[in-house]
Amino acid sequence: MKTLVIAEKPDMGRTIAAVIEPRAKNNRSYLEGEQYIITWAIGHLLGLAEPDSYDAKYKRWNFTDLPILPEQFKIVPNPKTKDQLQIIGELSKRCDKVVNACDAGREGQYIFALIQQQLKLSQPVRRLWISDLTAESIAKGFVELKDGSEFNNLTLAARARSEADWLVGMNASRAFTTKHKELLSVGRVQTPVLALIYDRQIEIERFDSLTYFEIKAKFSQEERTYGGTWQGDRLTDGAKAEAIANKVRGKSGKITQYDVKDTKEYPFKLYDLTLLQREANAKHGFSAKKTLDIAQALYEKHKVITYPRTSSNYVTEQNIEGMHKALHMLKSTSYQELSLGANAALVHKNNKSICNPSRVEDHHAILPTLKRPSTLSVEEQKVYDLVIRRFLSQFYPPAEYKQHTVLTKVEGESFKTNVKELLSLGWKVCQGSEEGRKSNSRSKKKDDEEDEDVVSEPFKVNADMQVICTSAEMKEKATQPPKAYTEGTLLKAMESAGKQLENEELREVMKDAGLGTPATRAATIERLKKVGYITMDGKKITVTTKGRTAIELIRHAGVELLTSPEMTGQWERRLHQISKGEAAGDKFMENVKKFTISIIDKVRSQPKASSTRFEASATKGKKVATAVEKKSQTTRIPSSDSRNASTRSSSSNTSQSGVRAVLANCPSEGCGGHIIEGKKGYGCTHYTKGCSFVIWKEFQGKPISHAMLSSLLEKGQTQLLTFKLEGEPPFKARIKFADELGKLRLERLSEETSS
């Protein structure tokens, strides 16, 4: 019998097949060779079932039915990809061994585990664990296949993460939604991230700017001129500042202190995913999701970088040789000049700023592979360029400077001068333009920090010689509020969220645990946009009225732990321990259930919020959050951080005021609501009152138009349509209702009728 290889995506499967079975026959959904059959998932083929699969009463959202705590979690196939799942099942019957070739990480492990569970695969499992999709890595990976049992703990951690997110997200979302009659999505990662944005925005709005005065002077000594800043307590009296400037202008002075020291700036660390996303946002304005998608394409499609969903900035000893080979490869690319100027001897196993195996978990830092890029898009090239320049900088020496500190006294007033004299650019030649190099300087000035001039020409003053104050000017300035989050700075805040905790012991415990993981942070930000909690103002992130109210209600309910990085940081740490066999998954889930019950108890006693709290204030120019989430075939909010959600958004049926056009009355008996159009379907305005009626915009490959919608609502069926389903000849049928909630079915014409 043959061995079944299950990759995570089609491109990955075909790439693997080209190495292990180059003459394999292509059967569209799989490739078959002499020894291997290679097929693939299409992302998540299965997911956790919705509440109504446990009890039909959960179709309607009722607070009295909470909490929902399944004894055993059910999994269900994704309707859109169930055919592929069936194909995997059929292929497995012809194989006596299975290779898990899904992404080498927690989520990839979970995708395979659900397939194995659903199809009841009993064959021995081997694990392909590689960090890039080059032919060399794939071939080596198959030679060194690992026993699937080595990853049992990783599977336990993945299941625990998914089920815990379901429990908290599903129950908390239903509790707050039914209590306050407004669709409110809650999740153990997305909610504390929203709280970070909310708190920053409140801080900005409440900021009281302070006017102060700064005195800048110019000094000359023979041919040398230099500037200085007055030293003393912050001046808030303009007249006093002006008097000091007048006092020293044109007067002679002396240098009371002159210190010179050599300094070095070493290359920035290699990229992990979060750092790459932050850099791409700052330099190119890319969203976190966009950078992840591009990096994934560079990894999967083009195969020019290693696995991008990594949390490590370091490599192991085994990567050093590959880095040297990659450097050699780059000498025959557009990076030839930088590659030829690099010193391979600087990258070695004893260079702990690069090679630190203790800091590498599942995957090393992002590196270029040995494959030369060919047809990259403009945006792909930009991200690839970031990776290459960061990589090449490791082969260069540190940038070298002379740090000059001068204290000048005139008429009893002291002025300080900081000059950073560039001696050698070192690795900064890899940063591109001079402007780019300056933007990467670590000596960026903050409001309360001293000025620093960076110069490339030699700087020197004579400490024993008199100076003249040639000019002195007072400048009015104002303290600045904290900056609004961008996606780049929010990613940094998510990564370091644990460090902000006041509890010193907990802060130490969480020093390496932030909000979410590198692989999920982009999805969390996108979700906050989709549910109408945040909007983008250029690069700046702004909280909507709905987002503000959600945070305030959660905190006032007494479950502020949901808005704190403390809980999710502890979760990620515990999940990591479970993946390493250092903690028990059962105990973790028991604690999650207790926490879920406490959420319901506290929301139960919370007063209902006024509907006006969810409305935008016209005077403040806030936007109404009109997005209505939809999932499955009833109105639901899935586990907020583990499942993608469909979202209704403004469309052509939304007026400029944000009010949606009514298409029809809701057909549900006694409902009284109206049918409006969302992004994914047509639903009832009384969803907050428990109406679950929805007609999705696509059924069996047919888009449901407004005319078809009217026909369904008025006649219960559409006109006769022609369908072409996979594996079947064309046939005619009508679309009809399958139940009173809007679920659809096909009614085919019999052969006799159609003839």
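Let's start where two helices touch: A160, E163, A164, L167, V168, N171, A172, A175, F176 and K179 in α5 meet F588, M589, V592, K593, F595, T596, I599, I600, V603 and R604 in α19. Contact here means heavy atoms within 4.5 Å. By class, this contact holds 14 nonpolar, two polar and four charged residues. Nonpolar covers Ala, Val, Leu, Ile, Met, Phe, Trp, Tyr, Cys and Pro, charged covers Asp, Glu, Lys and Arg, and polar covers the others, Gly among them.

A word on what you're looking at. This is a predicted model, where local features need pLDDT of at least 70 and side-chain atom pairs count only at pLDDT 80 or more, while totals for chains, interfaces and linings use all residues. Residues are numbered from 1 along each chain as its sequence is written, and side-chain values use heavy atoms, with hydrogens and water left out.

So how do these helices lie? α5 (residues 152-180) and α19 (residues 585-604) pack at an angle of about 5°, their axes 10 Å apart. That makes α5 roughly parallel to α19, a label for angles under 35 degrees. Axes are lines fitted to C-alpha atoms over the stretch in contact, and angles run from 0 to 180 degrees between N-to-C directions. Helices are DSSP runs of H or I with at least four residues, numbered from the N terminus.

Is α5 mostly covered or uncovered? It is mostly covered, with 24 of its 29 residues buried, meaning under 20% relative accessible area with a 1.4 Å probe, protein chains only. Just after α5, K181 takes a positive phi of about 55°. Thanks, everyone!

Conventions
Parallel < 35°, antiparallel > 145°, perpendicular 65-115°, else oblique. Buried < 20%, exposed > 50% of the residue type's maximum accessible area, 1.4 Å probe, protein only.
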